[in-house]
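My points follow the model below.

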Amino acid sequence: MDFQLTEEHIMIRDAARDFANTELLPGVIERDEKQEFPKEQVKKMGELGFLGMMASPEYGGGGMDTVAYVLAMEEISKIDASASVVMSVNNSLVCWGLDTFGSPEQKEKYLSKLTTGEALGAFCLSEPEAGSDATSQKTTAIEKEDHYILNGTKNWITNGNSADYYIVIAQTDREKKHKGINAFIVEKGSKGFEIGPKENKLGIRGSDTHSLNFNDVKVPKENRIGEDGFGFKFAMKTLSGGRIGIAAQALGIASGAYELAKKYSQQRKSFGTEICNHQAIAFKIADMHTSIQAARHLVMKAAWDKDNGNNYDLSGAMAKLFASKTAMDVTVEAVQVHGGNGYVKEYHVERLMRDAKITQIYEGTSEIQKIVISRSVLRD
Ligand SMILES: Cc1cc2nc3c(=O)[nH]c(=O)nc-3n(C[C@H](O)[C@H](O)[C@H](O)COP(=O)(O)OP(=O)(O)OC[C@H]3O[C@@H](n4cnc5c(N)ncnc54)[C@H](O)[C@@H]3O)c2cc1C
(Lines give C-alpha, C1' and ligand atoms only; values in the text may rest on other atoms or scores of the structure.)
Protein backbone atom coordinates (compact mmCIF):
# COMPACT_ATOMS: atom_id res chain seq x y z
CA MET A 1 0.00 0.00 0.00
CA ASP A 2 1.46 3.32 -1.11
CA PHE A 3 0.09 6.60 0.19
CA GLN A 4 2.65 8.69 -1.73
CA LEU A 5 1.68 10.74 -4.75
CA THR A 6 3.92 10.43 -7.80
CA GLU A 7 5.97 13.41 -8.99
CA GLU A 8 3.58 13.80 -11.89
CA HIS A 9 0.58 13.86 -9.56
CA ILE A 10 2.23 16.51 -7.40
CA MET A 11 2.99 18.59 -10.50
CA ILE A 12 -0.64 18.42 -11.67
CA ARG A 13 -1.95 19.26 -8.19
CA ASP A 14 0.39 22.25 -7.92
CA ALA A 15 -0.50 23.49 -11.41
CA ALA A 16 -4.20 23.35 -10.50
CA ARG A 17 -3.52 25.12 -7.19
CA ASP A 18 -1.57 27.83 -8.94
CA PHE A 19 -4.27 28.31 -11.58
CA ALA A 20 -6.99 28.49 -8.91
CA ASN A 21 -5.14 31.11 -6.89
CA THR A 22 -4.06 33.31 -9.79
CA GLU A 23 -7.00 32.99 -12.19
CA LEU A 24 -10.05 31.97 -10.16
CA LEU A 25 -9.62 33.70 -6.80
CA PRO A 26 -9.74 37.25 -8.19
CA GLY A 27 -13.40 37.94 -8.92
CA VAL A 28 -14.82 34.78 -7.35
CA ILE A 29 -16.99 36.78 -4.91
CA GLU A 30 -18.32 39.08 -7.65
CA ARG A 31 -19.07 36.21 -10.01
CA ASP A 32 -21.01 34.47 -7.22
CA GLU A 33 -22.98 37.62 -6.48
CA LYS A 34 -23.76 38.42 -10.11
CA GLN A 35 -24.29 34.76 -11.08
CA GLU A 36 -21.66 35.27 -13.74
CA PHE A 37 -20.33 32.26 -15.64
CA PRO A 38 -16.48 32.14 -15.47
CA LYS A 39 -16.16 32.22 -19.25
CA GLU A 40 -12.58 33.47 -19.59
CA GLN A 41 -11.39 31.24 -16.78
CA VAL A 42 -13.02 28.15 -18.31
CA LYS A 43 -11.37 28.97 -21.63
CA LYS A 44 -8.00 29.02 -19.88
CA MET A 45 -8.81 25.75 -18.12
CA GLY A 46 -9.32 24.24 -21.55
CA GLU A 47 -6.00 25.61 -22.79
CA LEU A 48 -4.23 24.17 -19.75
CA GLY A 49 -5.79 20.75 -20.27
CA PHE A 50 -8.12 20.72 -17.25
CA LEU A 51 -11.26 20.00 -19.30
CA GLY A 52 -10.30 16.68 -20.83
CA MET A 53 -7.82 15.31 -18.33
CA MET A 54 -8.66 11.61 -18.61
CA ALA A 55 -9.56 11.50 -22.31
CA SER A 56 -7.36 9.87 -24.96
CA PRO A 57 -4.47 12.02 -26.21
CA GLU A 58 -5.49 10.93 -29.73
CA TYR A 59 -8.53 13.19 -29.31
CA GLY A 60 -6.79 16.02 -27.50
CA GLY A 61 -7.18 14.60 -23.99
CA GLY A 62 -4.55 14.49 -21.27
CA GLY A 63 -4.53 10.68 -20.98
CA MET A 64 -4.20 11.08 -17.21
CA ASP A 65 -5.56 8.83 -14.50
CA THR A 66 -8.47 9.50 -12.16
CA VAL A 67 -6.11 10.25 -9.26
CA ALA A 68 -4.67 13.18 -11.23
CA TYR A 69 -8.18 14.36 -12.04
CA VAL A 70 -9.41 14.31 -8.42
CA LEU A 71 -6.28 16.12 -7.25
CA ALA A 72 -6.97 18.91 -9.75
CA MET A 73 -10.69 18.93 -8.88
CA GLU A 74 -9.87 19.38 -5.19
CA GLU A 75 -7.59 22.35 -5.83
CA ILE A 76 -10.00 24.14 -8.19
CA SER A 77 -12.92 23.48 -5.81
CA LYS A 78 -11.07 24.98 -2.83
CA ILE A 79 -11.33 28.32 -4.56
CA ASP A 80 -14.25 28.21 -6.98
CA ALA A 81 -16.80 25.39 -7.00
CA SER A 82 -18.69 27.09 -9.84
CA ALA A 83 -15.67 26.59 -12.08
CA SER A 84 -15.07 23.06 -10.80
CA VAL A 85 -18.59 21.88 -11.65
CA VAL A 86 -18.00 22.95 -15.25
CA MET A 87 -14.76 20.98 -15.15
CA SER A 88 -16.45 17.99 -13.55
CA VAL A 89 -19.34 17.73 -16.04
CA ASN A 90 -17.06 18.21 -19.03
CA ASN A 91 -14.44 15.69 -17.83
CA SER A 92 -16.44 12.96 -16.11
CA LEU A 93 -19.81 12.96 -17.79
CA VAL A 94 -19.16 14.23 -21.29
CA CYS A 95 -15.54 13.49 -22.30
CA TRP A 96 -15.22 10.23 -20.39
CA GLY A 97 -18.59 9.01 -21.69
CA LEU A 98 -17.73 9.82 -25.30
CA ASP A 99 -14.19 8.51 -25.05
CA THR A 100 -15.35 5.21 -23.56
CA PHE A 101 -18.56 4.58 -25.52
CA GLY A 102 -18.56 6.92 -28.53
CA SER A 103 -17.88 5.93 -32.14
CA PRO A 104 -14.59 6.97 -33.79
CA GLU A 105 -16.56 9.53 -35.84
CA GLN A 106 -18.22 10.99 -32.72
CA LYS A 107 -14.84 11.24 -31.03
CA GLU A 108 -13.28 12.92 -34.04
CA LYS A 109 -16.11 15.40 -34.47
CA TYR A 110 -17.04 16.19 -30.86
CA LEU A 111 -14.57 14.83 -28.32
CA SER A 112 -11.53 16.48 -29.90
CA LYS A 113 -13.15 19.89 -29.36
CA LEU A 114 -14.48 19.10 -25.89
CA THR A 115 -11.11 18.06 -24.50
CA THR A 116 -9.41 21.32 -25.43
CA GLY A 117 -12.12 23.76 -24.36
CA GLU A 118 -12.86 24.70 -27.95
CA ALA A 119 -16.34 23.42 -27.12
CA LEU A 120 -18.10 22.75 -23.83
CA GLY A 121 -20.40 19.85 -23.01
CA ALA A 122 -23.54 19.26 -20.96
CA PHE A 123 -25.12 16.05 -19.68
CA CYS A 124 -28.91 16.01 -19.79
CA LEU A 125 -30.60 13.27 -17.78
CA SER A 126 -32.83 14.98 -15.20
CA GLU A 127 -36.38 16.00 -16.01
CA PRO A 128 -39.18 17.67 -14.04
CA GLU A 129 -40.47 14.19 -13.12
CA ALA A 130 -37.29 12.17 -13.43
CA GLY A 131 -34.59 13.09 -10.94
CA SER A 132 -33.58 10.33 -8.54
CA ASP A 133 -35.87 8.05 -10.52
CA ALA A 134 -34.01 8.45 -13.80
CA THR A 135 -35.88 5.56 -15.42
CA SER A 136 -39.04 7.72 -15.62
CA GLN A 137 -37.82 9.51 -18.76
CA LYS A 138 -40.60 11.47 -20.46
CA THR A 139 -38.38 12.88 -23.20
CA THR A 140 -38.94 10.80 -26.31
CA ALA A 141 -36.70 10.01 -29.26
CA ILE A 142 -38.75 8.55 -32.08
CA GLU A 143 -36.85 6.70 -34.76
CA LYS A 144 -37.43 7.79 -38.40
CA GLU A 145 -35.36 6.61 -41.37
CA ASP A 146 -31.88 8.12 -40.82
CA HIS A 147 -32.67 10.22 -37.73
CA TYR A 148 -34.54 10.52 -34.44
CA ILE A 149 -37.07 13.18 -33.42
CA LEU A 150 -36.62 14.42 -29.85
CA ASN A 151 -39.41 15.93 -27.75
CA GLY A 152 -39.41 16.80 -24.07
CA THR A 153 -37.94 18.88 -21.26
CA LYS A 154 -34.71 18.49 -19.31
CA ASN A 155 -34.21 20.18 -15.94
CA TRP A 156 -31.26 21.53 -13.98
CA ILE A 157 -28.72 21.25 -16.75
CA THR A 158 -25.23 22.44 -15.79
CA ASN A 159 -23.56 24.41 -18.61
CA GLY A 160 -27.14 24.71 -19.89
CA ASN A 161 -26.49 27.85 -21.90
CA SER A 162 -22.69 27.73 -22.16
CA ALA A 163 -22.42 24.29 -23.73
CA ASP A 164 -22.02 23.61 -27.43
CA TYR A 165 -22.78 19.88 -27.34
CA TYR A 166 -25.40 18.20 -25.17
CA ILE A 167 -25.62 14.52 -24.33
CA VAL A 168 -29.37 13.96 -24.08
CA ILE A 169 -30.99 10.85 -22.62
CA ALA A 170 -34.41 9.98 -24.07
CA GLN A 171 -36.92 7.15 -24.28
CA THR A 172 -37.16 5.47 -27.66
CA ASP A 173 -39.28 2.44 -26.78
CA ARG A 174 -41.42 2.79 -23.67
CA GLU A 175 -42.38 -0.88 -23.63
CA LYS A 176 -38.77 -1.86 -23.13
CA LYS A 177 -38.60 0.45 -20.08
CA HIS A 178 -34.99 1.35 -19.20
CA LYS A 179 -33.73 -0.90 -22.00
CA GLY A 180 -35.58 1.34 -24.46
CA ILE A 181 -33.58 4.45 -23.49
CA ASN A 182 -30.92 6.03 -25.73
CA ALA A 183 -28.27 8.75 -25.40
CA PHE A 184 -27.73 11.30 -28.18
CA ILE A 185 -25.33 14.10 -28.98
CA VAL A 186 -27.34 17.22 -29.76
CA GLU A 187 -25.72 20.38 -31.07
CA LYS A 188 -26.64 23.82 -29.76
CA GLY A 189 -28.61 25.74 -32.35
CA SER A 190 -30.46 22.64 -33.62
CA LYS A 191 -33.92 23.63 -34.84
CA GLY A 192 -36.51 23.23 -32.07
CA PHE A 193 -33.90 23.16 -29.26
CA GLU A 194 -34.64 25.95 -26.77
CA ILE A 195 -32.76 26.97 -23.65
CA GLY A 196 -34.95 28.03 -20.70
CA PRO A 197 -34.15 30.76 -18.14
CA LYS A 198 -31.18 30.48 -15.79
CA GLU A 199 -31.88 29.12 -12.30
CA ASN A 200 -31.25 31.55 -9.41
CA LYS A 201 -29.39 29.24 -7.04
CA LEU A 202 -28.28 29.03 -3.40
CA GLY A 203 -24.72 28.07 -4.34
CA ILE A 204 -22.41 27.43 -7.30
CA ARG A 205 -24.01 30.60 -8.58
CA GLY A 206 -21.35 31.18 -11.22
CA SER A 207 -22.32 27.98 -13.02
CA ASP A 208 -25.23 28.27 -15.41
CA THR A 209 -28.08 25.87 -14.73
CA HIS A 210 -30.99 25.84 -17.17
CA SER A 211 -33.96 23.80 -18.26
CA LEU A 212 -33.94 22.76 -21.91
CA ASN A 213 -36.84 22.17 -24.28
CA PHE A 214 -36.81 19.88 -27.28
CA ASN A 215 -39.58 20.43 -29.79
CA ASP A 216 -39.30 18.05 -32.76
CA VAL A 217 -35.50 18.28 -32.72
CA LYS A 218 -34.02 16.21 -35.55
CA VAL A 219 -30.92 14.27 -34.49
CA PRO A 220 -28.99 12.15 -37.02
CA LYS A 221 -28.77 8.45 -36.23
CA GLU A 222 -24.98 8.61 -36.15
CA ASN A 223 -25.32 10.82 -33.04
CA ARG A 224 -26.76 7.99 -30.95
CA ILE A 225 -24.14 6.75 -28.47
CA GLY A 226 -23.71 2.97 -28.55
CA GLU A 227 -26.20 0.32 -29.58
CA ASP A 228 -29.95 0.88 -29.57
CA GLY A 229 -31.15 0.76 -25.94
CA PHE A 230 -27.73 1.50 -24.39
CA GLY A 231 -28.71 4.96 -23.08
CA PHE A 232 -29.63 4.07 -19.50
CA LYS A 233 -26.54 1.95 -18.99
CA PHE A 234 -24.49 4.76 -20.53
CA ALA A 235 -25.97 7.24 -18.04
CA MET A 236 -25.44 4.97 -15.01
CA LYS A 237 -21.84 4.08 -15.96
CA THR A 238 -21.00 7.69 -16.62
CA LEU A 239 -22.58 8.91 -13.38
CA SER A 240 -20.76 6.26 -11.39
CA GLY A 241 -17.44 7.84 -12.40
CA GLY A 242 -18.92 11.34 -12.17
CA ARG A 243 -19.57 10.78 -8.48
CA ILE A 244 -15.86 10.48 -7.84
CA GLY A 245 -15.43 13.93 -9.37
CA ILE A 246 -18.22 15.39 -7.22
CA ALA A 247 -16.71 13.72 -4.15
CA ALA A 248 -13.44 15.49 -5.03
CA GLN A 249 -15.36 18.74 -5.43
CA ALA A 250 -16.86 18.27 -1.95
CA LEU A 251 -13.42 17.48 -0.56
CA GLY A 252 -12.06 20.68 -2.13
CA ILE A 253 -14.87 22.83 -0.71
CA ALA A 254 -14.23 21.32 2.74
CA SER A 255 -10.46 21.77 2.60
CA GLY A 256 -10.79 25.32 1.26
CA ALA A 257 -13.01 26.26 4.22
CA TYR A 258 -10.77 24.41 6.67
CA GLU A 259 -7.62 26.22 5.52
CA LEU A 260 -9.34 29.59 5.90
CA ALA A 261 -10.72 28.68 9.35
CA LYS A 262 -7.36 27.40 10.59
CA LYS A 263 -5.55 30.56 9.47
CA TYR A 264 -8.23 32.81 10.93
CA SER A 265 -8.13 30.99 14.27
CA GLN A 266 -4.37 31.63 14.47
CA GLN A 267 -4.82 35.38 13.90
CA ARG A 268 -8.05 36.42 15.58
CA LYS A 269 -7.75 37.18 19.28
CA SER A 270 -10.29 37.04 22.10
CA PHE A 271 -9.72 37.20 25.84
CA GLY A 272 -6.07 38.07 25.25
CA THR A 273 -5.11 35.10 23.09
CA GLU A 274 -5.54 33.71 19.57
CA ILE A 275 -8.89 31.91 19.39
CA CYS A 276 -7.15 28.63 18.39
CA ASN A 277 -5.87 28.57 21.99
CA HIS A 278 -9.45 28.12 23.21
CA GLN A 279 -9.99 24.39 23.30
CA ALA A 280 -13.49 24.72 21.81
CA ILE A 281 -11.97 26.18 18.64
CA ALA A 282 -8.91 23.90 18.61
CA PHE A 283 -11.23 20.86 18.75
CA LYS A 284 -13.22 22.17 15.80
CA ILE A 285 -9.97 22.35 13.85
CA ALA A 286 -9.12 18.79 14.94
CA ASP A 287 -12.53 17.48 13.86
CA MET A 288 -12.36 19.28 10.52
CA HIS A 289 -8.87 17.98 9.79
CA THR A 290 -9.79 14.40 10.70
CA SER A 291 -12.96 14.24 8.64
CA ILE A 292 -11.21 15.84 5.65
CA GLN A 293 -8.44 13.24 5.81
CA ALA A 294 -11.02 10.45 6.01
CA ALA A 295 -12.88 11.91 3.02
CA ARG A 296 -9.62 12.21 1.09
CA HIS A 297 -8.84 8.54 1.67
CA LEU A 298 -12.28 7.51 0.40
CA VAL A 299 -11.98 9.76 -2.67
CA MET A 300 -8.50 8.47 -3.49
CA LYS A 301 -9.57 4.85 -3.00
CA ALA A 302 -12.47 5.31 -5.43
CA ALA A 303 -10.15 6.98 -7.97
CA TRP A 304 -7.62 4.19 -7.51
CA ASP A 305 -10.32 1.55 -8.02
CA LYS A 306 -11.32 3.20 -11.30
CA ASP A 307 -7.70 3.43 -12.45
CA ASN A 308 -7.04 -0.21 -11.61
CA GLY A 309 -10.04 -1.69 -13.36
CA ASN A 310 -11.89 -2.52 -10.14
CA ASN A 311 -15.61 -1.94 -9.73
CA TYR A 312 -16.00 1.58 -8.33
CA ASP A 313 -19.79 1.81 -7.86
CA LEU A 314 -19.49 1.19 -4.10
CA SER A 315 -16.29 3.11 -3.40
CA GLY A 316 -17.49 6.07 -5.51
CA ALA A 317 -20.86 6.19 -3.73
CA MET A 318 -19.17 6.02 -0.29
CA ALA A 319 -16.72 8.74 -1.29
CA LYS A 320 -19.50 11.05 -2.47
CA LEU A 321 -21.74 10.37 0.54
CA PHE A 322 -18.98 10.98 3.07
CA ALA A 323 -17.16 13.83 1.33
CA SER A 324 -20.39 15.78 0.74
CA LYS A 325 -21.38 15.44 4.41
CA THR A 326 -17.87 16.51 5.36
CA ALA A 327 -18.22 19.55 3.08
CA MET A 328 -21.43 20.55 4.87
CA ASP A 329 -20.10 19.95 8.39
CA VAL A 330 -16.75 21.63 7.81
CA THR A 331 -18.11 24.71 6.05
CA VAL A 332 -20.71 25.30 8.78
CA GLU A 333 -17.96 25.09 11.41
CA ALA A 334 -15.66 27.32 9.33
CA VAL A 335 -18.33 30.03 9.40
CA GLN A 336 -18.60 29.54 13.18
CA VAL A 337 -14.83 29.89 13.67
CA HIS A 338 -14.98 33.19 11.76
CA GLY A 339 -17.74 34.56 14.03
CA GLY A 340 -19.45 37.62 12.47
CA ASN A 341 -16.83 37.75 9.74
CA GLY A 342 -17.96 34.31 8.63
CA TYR A 343 -21.34 35.73 7.78
CA VAL A 344 -20.09 38.22 5.20
CA LYS A 345 -18.82 37.67 1.67
CA GLU A 346 -15.21 38.93 2.01
CA TYR A 347 -14.12 35.96 4.06
CA HIS A 348 -15.26 33.35 1.48
CA VAL A 349 -16.54 30.77 3.99
CA GLU A 350 -20.22 31.71 3.66
CA ARG A 351 -19.95 31.06 -0.10
CA LEU A 352 -18.23 27.73 0.48
CA MET A 353 -21.03 26.79 2.90
CA ARG A 354 -23.67 27.58 0.26
CA ASP A 355 -21.66 25.76 -2.42
CA ALA A 356 -21.25 22.65 -0.24
CA LYS A 357 -24.97 21.81 -0.22
CA ILE A 358 -25.20 20.89 -3.90
CA THR A 359 -22.70 18.07 -3.46
CA GLN A 360 -25.36 16.23 -1.43
CA ILE A 361 -27.88 16.63 -4.25
CA TYR A 362 -26.52 16.30 -7.78
CA GLU A 363 -25.24 13.16 -9.48
CA GLY A 364 -27.36 11.19 -7.04
CA THR A 365 -28.58 12.55 -3.69
CA SER A 366 -27.11 11.24 -0.43
CA GLU A 367 -30.19 9.05 -0.03
CA ILE A 368 -29.53 7.51 -3.45
CA GLN A 369 -25.88 6.90 -2.51
CA LYS A 370 -27.11 5.04 0.58
CA ILE A 371 -29.32 2.88 -1.64
CA VAL A 372 -26.29 2.05 -3.83
CA ILE A 373 -24.12 1.32 -0.79
CA SER A 374 -26.68 -0.74 1.14
CA ARG A 375 -27.61 -2.81 -1.93
CA SER A 376 -23.97 -3.51 -2.59
CA VAL A 377 -23.01 -4.52 0.95
CA LEU A 378 -26.18 -6.51 1.61
CA ARG A 379 -25.63 -8.47 -1.59
CA ASP A 380 -22.19 -9.63 -0.42
C1 LIG B 1 -27.43 23.01 -9.43
C2 LIG B 1 -27.84 21.72 -10.03
C3 LIG B 1 -27.15 21.21 -11.13
C4 LIG B 1 -27.55 20.02 -11.72
N5 LIG B 1 -26.92 19.59 -12.85
C6 LIG B 1 -27.46 18.54 -13.55
C7 LIG B 1 -26.97 18.18 -14.84
O8 LIG B 1 -26.01 18.79 -15.35
N9 LIG B 1 -27.57 17.16 -15.50
C10 LIG B 1 -28.62 16.46 -14.99
O11 LIG B 1 -29.11 15.56 -15.65
N12 LIG B 1 -29.10 16.78 -13.75
C13 LIG B 1 -28.56 17.80 -13.04
N14 LIG B 1 -29.07 18.14 -11.80
C15 LIG B 1 -30.20 17.39 -11.27
C16 LIG B 1 -29.88 16.54 -10.05
O17 LIG B 1 -29.11 15.44 -10.41
C18 LIG B 1 -31.22 16.15 -9.39
O19 LIG B 1 -31.74 17.33 -8.80
C20 LIG B 1 -31.05 15.05 -8.35
O21 LIG B 1 -30.73 13.84 -8.97
C22 LIG B 1 -32.31 14.87 -7.50
O23 LIG B 1 -33.44 14.75 -8.30
P24 LIG B 1 -34.73 15.64 -7.98
O25 LIG B 1 -34.30 17.06 -7.87
O26 LIG B 1 -35.79 15.33 -8.97
O27 LIG B 1 -35.18 15.19 -6.56
P28 LIG B 1 -36.17 13.95 -6.21
O29 LIG B 1 -35.75 12.75 -6.98
O30 LIG B 1 -37.57 14.43 -6.36
O31 LIG B 1 -35.85 13.73 -4.69
C32 LIG B 1 -36.41 14.53 -3.64
C33 LIG B 1 -35.97 13.94 -2.31
O34 LIG B 1 -36.45 12.60 -2.17
C35 LIG B 1 -35.36 11.70 -1.96
N36 LIG B 1 -35.64 10.43 -2.64
C37 LIG B 1 -36.09 10.22 -3.91
N38 LIG B 1 -36.20 8.92 -4.15
C39 LIG B 1 -35.83 8.26 -3.02
C40 LIG B 1 -35.74 6.89 -2.64
N41 LIG B 1 -36.01 5.90 -3.48
N42 LIG B 1 -35.34 6.59 -1.38
C43 LIG B 1 -35.01 7.57 -0.52
N44 LIG B 1 -35.09 8.90 -0.81
C45 LIG B 1 -35.49 9.23 -2.04
C46 LIG B 1 -34.14 12.39 -2.55
O47 LIG B 1 -32.94 11.90 -2.02
C48 LIG B 1 -34.43 13.84 -2.19
O49 LIG B 1 -34.04 14.07 -0.86
C50 LIG B 1 -28.63 19.30 -11.17
C51 LIG B 1 -29.30 19.79 -10.04
C52 LIG B 1 -28.93 20.99 -9.48
C53 LIG B 1 -29.71 21.51 -8.31
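1. The shell around the ligand holds ten nonpolar, six polar and three charged residues. Here Ala, Val, Leu, Ile, Met, Phe, Trp, Tyr, Cys and Pro count as nonpolar, Asp, Glu, Lys and Arg as charged, and the others, Gly among them, as polar.

2. On conventions, this is a predicted model, in which local features need pLDDT of at least 70, side-chain atom pairs count only at pLDDT 80 or more, and totals for chains, interfaces and linings use all residues. Residues are numbered from 1 along each chain as its sequence is written, and side-chain values use heavy atoms, with hydrogens and water left out.

3. Ser126, Ser132, Trp156, Thr365 and Glu367 come nearest among the 19 residues around the ligand; a residue is near a molecule if one of its heavy atoms lies within 4 Å of it.

4. β1 (121-124), β3 (147-158) and α11 (366-379) each give the shell at least two residues. β3 provides the largest share, three residues. Helices (H or I, at least four residues) and strands (E, at least two) are DSSP runs, numbered from the N terminus.

5. Which side chain has an N or O atom 2.6 Å from an oxygen atom of the ligand? That side chain belongs to Thr365. A polar side-chain atom of Glu367 is 2.7 Å from an oxygen atom of the ligand, and a polar backbone atom of Phe123 is 2.8 Å from a nitrogen atom of the ligand. The protein buries 64% of the 970 Å² that the ligand exposes when taken alone; accessible areas come from the Shrake-Rupley method with a 1.4 Å probe.

6. Helix α9 (residues 313-337) and α11 have axes that come within 9 Å and cross at roughly 140 degrees. Axes are lines fitted to C-alpha atoms, for helices over the stretch in contact, and angles run from 0 to 180 degrees between N-to-C directions. α9 and α11 are therefore oblique to each other, since angles under 35 degrees count as roughly parallel, over 145 as roughly antiparallel, 65 to 115 as roughly perpendicular and the rest as oblique.

7. Helix α4 (residues 66-79) packs on helix α7 (residues 231-267) at about 40 degrees, with the axes 7 Å apart. α4 and α7 are therefore also oblique to each other.

Definitions and conventions. A polar contact is a pair of N or O atoms within 3.5 Å; within protein, one must be able to donate a hydrogen and the other to accept it, and residues adjacent in sequence count only if both atoms are side-chain atoms.
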